[in-house]
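This report examines selected local features of one protein model, from its loops to its helices. Please keep the sequence and the structure in view while reading.

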Amino acid sequence: MERFYSCSCYFTDNIFLEDYKLHIRFISENQFRKNYQNILRSLGCVSEDQFRDVTGKIQTEVERRRNHLVNSAERAAVVKETYTPLHQHVYHLQESFLAPEFVEMVKYSNSREATFEGLLKLIQKEAAPRVFRFPIFRKEFCNELIEELEHFEQSEAPKGRPNTMNNYGVTFCLNGHREEGYNILLNELGFDESFITPLREMYLRPITALLYSDCGGSWLDSHKAFTVKYDLKEDLELSYHYDNAEVTLNVSLGKEFTDGNLFFGDMRQVPVSETECVEVEHHVTEALLHRGQHMHGALPISSGTRWNLIVWMRASSHRNKLCPMCGKTPALVESDGFSDGFTMPPEDATAHNVACLLT
Ligand SMILES: O=C(O)CCC(=O)C(=O)O
Ligand SMILES: [Fe+2]
């Protein structure tokens, strides 16, 4: 497998200060004081003790991020060794899980005569500008997948815990960027290789190549997949944010719930004050596809439990030019698995290997 990397901004940018509802960047104490002391003062952080409390929390969060990789790999290893699935078969993608309409769309997209307009005719709905909705899974599969996820939740197996800066693990970062939290990370549970990767490569990519060719849709070569759950006792909603993705797949798996529509604004570069949001219903068994940088959120549910499968799909060829999180040329840091989907250009990789050999 190709080697994937993260951008070093993961350790410095988009850190959320819960107490002040402020998103910050932390490079050094000096820089931090210079950039944020006045803002923090105006938000009530006036004494030196309060300031020290803030920098302590930042350090904890940075530490959590530094450890995330090792912890995640450890959890995946323990899950593999100790967790017994309830429905073993749901880990292996089969065409019988898929809605016939979706299989048709894929077949069409793979055909020689496929065009954007032709595919649009097959898609049930463009729910908001460039947000497409269509059936993807059969109901029986959605039910079994939820049963499997609940079984995992109730098991002793280790799970990614919420970080210190949020309730159930959802941190909203600068520009609304969404941080990983108390979601089930599907690579830790063993869904990547035989489910999400074939879903992306064999089924979704032919479609995204037609719908999103301008934002990497033809070249989606990695992903980060997880599930989100909203419950009256846990998280109810998700604030306005953008994803660390070129194209996002969002599937409504169930169970029963009321409200909880999604809303879409504009691309992230457009200020919120100039944005008009469109509400989009999301139906169980259906998929929504949208651009990762298209700002969106989820409205609160008012009853029931809402489970969604989210796949942030990445195109290294696209993001290698500009990190979608910090907006700069990515500063690559070594990581594991698909990391954040950056790859090293061949000339740099050669230089890197030479450097390693010499040291
Ligand atoms: O709850 C939803 O449907 C939206 C989830 C989402 O946008 C995300 O996890 O990035
Ligand atoms: Fe999102």
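## Two loops with marked residues

Lys255 is found in the loop that runs between β11 (247–254) and β12 (257–259). In this predicted model, the peptide bond joining Gly254 and Lys255 is cis, with omega about -10 degrees.

Another loop, between β14 (278–280) and β15 (286–291), contains Thr285. The phi angle of Thr285 is near 80 degrees, which is a positive value in a residue other than glycine.

## Helix α1

Helix α1 comprises 14 residues (residues 29–42), which at 1.5 Å a residue should span 20 Å; the C-alpha atoms at its ends are 19 Å apart, in agreement with that expectation. Along its course, α1 bends by about 55 degrees at Tyr36. Gly44 follows α1 and has a positive phi, near 105 degrees.

## Helix α2

Helix α2 (residues 48–82) is built from 35 residues. From its first C-alpha to its last, α2 reaches 47 Å, close to the 51 Å expected at 1.5 Å a residue. A bend of about 45 degrees occurs in α2 at His68.

## The packing of α3 and α7

Two packed helices are described by the angle between their axes and by the distance between the axes. For helix α3 (residues 100–110) and helix α7 (residues 192–211), the angle is about 60 degrees and the axes are 9 Å apart. Angles from 65 to 115 degrees count as roughly perpendicular and those under 35 degrees as roughly parallel; α3 and α7 are therefore oblique to each other. Their crossing is left-handed.

Which residues of α3 meet α7? They are Met105, Val106, Ser109 and Asn110, and their counterparts in α7 are Tyr203, Pro206, Ile207 and Leu210. The residues of this contact between α3 and α7 divide into 6 nonpolar and 2 polar, with no charged residues.

Conventions: Residues are numbered from 1 along each chain as its sequence is written. Chains are lettered from A and ligands numbered from 1 in the order in which they are written. This is a predicted model: local features need pLDDT of at least 70, side-chain atom pairs count only at pLDDT 80 or more; totals for chains, interfaces and linings use all residues. Axes are lines fitted to C-alpha atoms, for helices over the stretch in contact, and angles run from 0 to 180 degrees between N-to-C directions. Helices (H or I, at least four residues) and strands (E, at least two) are DSSP runs, numbered from the N terminus. Angles under 35 degrees count as roughly parallel, over 145 as roughly antiparallel, 65 to 115 as roughly perpendicular and the rest as oblique. A crossing is left-handed if the near helix is turned anticlockwise from the far one by less than a right angle, and right-handed if clockwise. Two residues are in contact if their C-beta atoms, placed from the backbone, lie within 7 Å. Ala, Val, Leu, Ile, Met, Phe, Trp, Tyr, Cys and Pro count as nonpolar, Asp, Glu, Lys and Arg as charged, and the others, Gly among them, as polar. The expected span of a helix is 1.5 Å times one less than its number of residues. The bend at a residue is the angle between axes fitted to the seven residues ending there and the seven starting there.
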